[in-house]
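Here are my notes on the model you sent. Please read them with the structure open.

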Amino acid sequence: MTGPWNDLPALAQDILWALMLLSPALIVGGIVLRGYAPWPLVRAILWRFRGASALFVLLIAISVGMGIGLLAQERGLRRGTAQAADKFDLVISAPGSELSVMMATVFLQPTDMPLLDGDTYAAIATHENVEIAAPIAFGDSFGNASVIGTTADFARYLADDQIDGRMWQTAGEALAGALVPLAIGAEFHPAHGHGDSAETDAHDGAELTVVGRLAPTGTPWDRAILVPIETIWEVHGLANGHAPAKGTQIGPPFDAAYFPGTPAVVVRSKALWANYALRAEFTRDRETMAFFPGAVLAQLYRVLGDVRQIMSLMALVTQVLVAAAVLLGLFILSRLFHRQIALLRALGAPGRFILAVVWSFGATLLITGAALGVLSGIGAASVLARIVTARTDILVTAPLGWSDFHVLAGFLSVTLLLSLVPAAVVLRHPVVPSLRA
Amino acid sequence: MGVSLSISGLTVLGSGGRTLLRLPQLDVPAGSIIGIEGPSGAGKSTLLYALAGLLEAEGQVRWGDQDILRLGPAQRARFRATGIGMIFQDFLLFEELTADQNAALTALFRPARERAALRQHASSWLTSLGLGADAARRSVASFSGGERQRVAIARAMAAKAPVLLADEPTASLDRATADRLIDDLVTLARTTGTTLIAVSHDPHLIARMDRVLTITDGKLTGDRGKVK
């Protein structure tokens, strides 16, 4: 059984899982409804108790929507952050917190970090397995955009070589991220620092011109302005990484003697396996720390995984509570239409038909609520994703996954089966007192 | 054609073992038109519901050769669906459905092959009772009491049941409407040969019955022929 199942495409497995989860309810529904046409009565009962019915549908929709929306959002956030770290195979920095360095390099949340010197950078950049070794320099800004110093190779790699305009050629030129509100040709003065505390006139002498725009990356780098790292060093009054004899050279190789230091180096290796060798090689006590941002994120996800489990549990508890409320509601509603049920029984309706009417009523509420819940969940997840994207610049998309449909199918199946209980209880009501009521 | 009724040793007990009805013997020929009168709480409706198999009782209630008290719940339901039409004091219609849908209500739980014929029959009865096609397509929520009770009669007759049980069918109607309804009931019972048993306080209705039973304190205290 395991073999054929594993041979199925993932989509087929997901569809079959959903059907298997739904099958108890489908089978019961088929048995209960077989040969009967209760829908005119169900519609009549729904219309008669439209207020209460709408309330139940709303309750179910909110419960399902909350569960789906929150879990989709969490999954979208995880995907978005993983995607943001995609281009950062290996980061090497001075020893410290991997999380802080990752936040600074991948998510551009700069923090005070010790610098790597020129010799260390040279050792990394000249390593036989290294394709790109990009020093990163941050600390300046323009408006809400961070001004990041790096190398042209890394800028190209980051944007998959898709640059509108051209790459910088001098220290006075810059590339705007996809979301930076600066047009090609625009000139600006970087400020020292970020936000309200930024010193806007600290670098007045540095006038930079935007010569290109990077394609969207779905990362916080979309809202950054990239400049040659030499520019950052120069505006801070430091050596520019090259011996004076090199004139106006931009980009590597750098001269270790004139290398002012960099808080982190983003490394792209020539082969996947080499990443592990490089990490081992540059993880040196008190000298350097090498780590995979993806692995740090995975650790973070493990913590978030617990949160996800708690969220899943909360969603499940909410849905169970709502299911209990629905069942209670069905009991109450079935008391409200006990005369109609008594009439049907007096007219000779079989017990299974009564079961079909009451069960169909409950099933209609549950299925409608679940369908609205899915729609509202998609809507809420989409709105939340946009808000998170706008706030963090991490491209978060929160489409529904099959796991959501499996949870939904399980919820529907259980509640549809439980709906038989109030339907069965209705059958135990004595007919004559209800007729005389 | 109607069906005969034979009751023997019928006892219906209420809560606490109190006797609600005790009827040692009663025979009603097929096609009879019977009225049941008596003071409130005497056991008239209890008798009617016992005849329909809606109450647990001791003794025998034989419709033709079928003792309804010996049947299980499912068999009783099947018997009612095809053998007994019922009319109630306050009509008991689904307000949200049209007259057509109400009249053909039992089609919803009948086998698919019988539904079309039953709907056709219900529609014919509505027409016979003065509710034309336009009225039949309207929701009964807009109907007068008389119209509603005629829909209820059409519903009871739709299954071509040989027995019609009516519980205070004129109680919610004004005099003129009630008189017309009585005409309708008696006429349809006579023309179809249906056995009609009607519980009523209405002397006009009782006066139109061929035979009148009087129930007092759960006992049959009177049984007389047609009242003129």
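1. Conventions. This is a predicted model: local features need pLDDT of at least 70, side-chain atom pairs count only at pLDDT 80 or more, and totals for chains, interfaces and linings use all residues. Residues are numbered from 1 along each chain as its sequence is written, while chains are lettered from A and ligands numbered from 1 in the order in which they are written.

2. Helix H12 of chain A. Helices (H or I, at least four residues) and strands (E, at least two) are DSSP runs, numbered from the N terminus. H12(A) covers residues 351-392, 42 residues in total. The expected span is 1.5 Å times one less than the number of residues. Asp393(A) follows H12(A), with a positive phi near 65°.

3. Strands of chain B. Strands pair if DSSP finds at least two bridges between them. S1(B) (residues 5-13) and S4(B) (residues 58-63) run antiparallel, joined by 5 bridges. Ile7(B) stands opposite Val61(B). S4(B) is also joined to S5(B) (residues 66-67), antiparallel, by 2 bridges. Here Trp63(B) stands opposite Gln66(B).

4. The hairpin. S4(B) and S5(B) form a hairpin with 2 residues between them. Gly64(B), in the turn, has a positive phi of about 65°.

5. Chain A against chain B. 23 residues of chain A are in contact with 23 residues of chain B (C-beta atoms, placed from the backbone, within 7 Å). On the chain A side, H3 (39-48), H11 (338-346), H12 and H15 (431-436) each give two or more residues.

Note on methods: Contact = placed C-beta atoms within 7 Å.
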